[in-house]
Amino acid sequence: MSTYDIGMKSQQAMPGGVNGGGAGPPMSAAAELFKAVAHPVRAQILELLSYGESTIPELCEGTGVKATHLSRHLGQMRGQHLIQCLRSDGRLIYRLAYPEAAELLAAARSVLQARTASAVTSLRALPEELPSTALWDDQFLALEESLLSRSVIAEACEAIAARIGCTPEEAAGRLIMTACSRNCTLLGAARDELSNGQQPNRP
């Protein structure tokens, strides 16, 4: 049996085949669902609504985003049927379309915790002689700061990509250029981008 034949048989044995045409939802639909929450603001909206129904002013206060910007994010989430909009006493009320939608955030937290635990475990896989307590604390703090920095920079790239309609790679290039022009670190530029994009409403 050739390598090609073996590969084809393994693909056919996978649930749903290569194109995800099995009993479950196709992978393209799952990807679109993840895209619907692939932004810090939309993730915040999902978290807020997991605690109960909210109005537009409440969501603005919880996310720190203006109503005009918030409506675009709400529209994307409604398009994927993650949330519902109802009218009650003349007000628009938003809520989760399904309680299971909150599990998306729970799954993300589990993955992030597992990733951090794995990174910490790899640090512990040292020779028999462990470093002093002070050195170990320094290593752990450096790891924690590195993970946080990467997360902030990734969020900033996503925010830039969503704001100007470009790819994450192009957004990363813009962030690097911004950091160079301002003579600051990439992390500093990322924090500025997130801060400027999520300022609360001001009278």
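Residues are numbered from 1 along each chain as its sequence is written. Because the model is predicted, local features need pLDDT of at least 70 and side-chain atom pairs count only at pLDDT 80 or more, while totals for chains, interfaces and linings use all residues; side-chain values use heavy atoms, with hydrogens and water left out.

**Whole chain**

Start with the protein chain in cartoon view. It has nine helices and three strands (DSSP runs numbered from the N terminus: helices are H or I with at least four residues, strands E with at least two). Read from the N terminus, the order of elements is α-α-α-β-α-α-β-β-α-α-α-α.

Now switch to the surface. The accessible surface of the protein chain is about 13,600 Å², and carbon and sulfur atoms hold 57% of that (Shrake-Rupley method, 1.4 Å probe; for residues, only the protein chains shown count as cover). Of the chain's 203 residues, 25% are buried (under 20% relative accessible area, with a 1.4 Å probe and protein chains only).

**Helices α4 and α5**

Select residues 56–63, helix α4, and residues 67–79, helix α5. Their axes come within 10 Å and cross at roughly 100 degrees (axes are lines fitted to C-alpha atoms, for helices over the stretch in contact; angles run from 0 to 180 degrees between N-to-C directions). That makes α4 roughly perpendicular to α5, a term for angles of 65 to 115 degrees.

Show side chains next. On α4, Ile56, Leu59, Cys60 and Thr63 meet Ala67, Leu70 and Leu74 of α5 (contact means heavy atoms within 4.5 Å). By class, this contact has six nonpolar residues, one polar and no charged (Ala, Val, Leu, Ile, Met, Phe, Trp, Tyr, Cys and Pro are nonpolar; Asp, Glu, Lys and Arg charged; the others, Gly among them, polar).

**Helices α3 and α5**

Val41, Arg42, Ile45 and Leu46 of α3 meet Leu70, His73, Leu74, Gln76 and Met77 of α5. Six nonpolar, two polar and one charged residues make up this contact.

**Thr55**

Last, select Thr55 in strand β1, residues 54–55. Thr55 is buried, at 8% relative accessible area. Leaving out residues up to four places away in sequence, Thr55 touches Arg91, Leu92 and Ile93.

Definitions and conventions
Angles under 35 degrees count as roughly parallel, over 145 as roughly antiparallel, 65 to 115 as roughly perpendicular and the rest as oblique. Buried means under 20% relative accessible area, exposed over 50%, partly exposed in between (1.4 Å probe, protein chains only).
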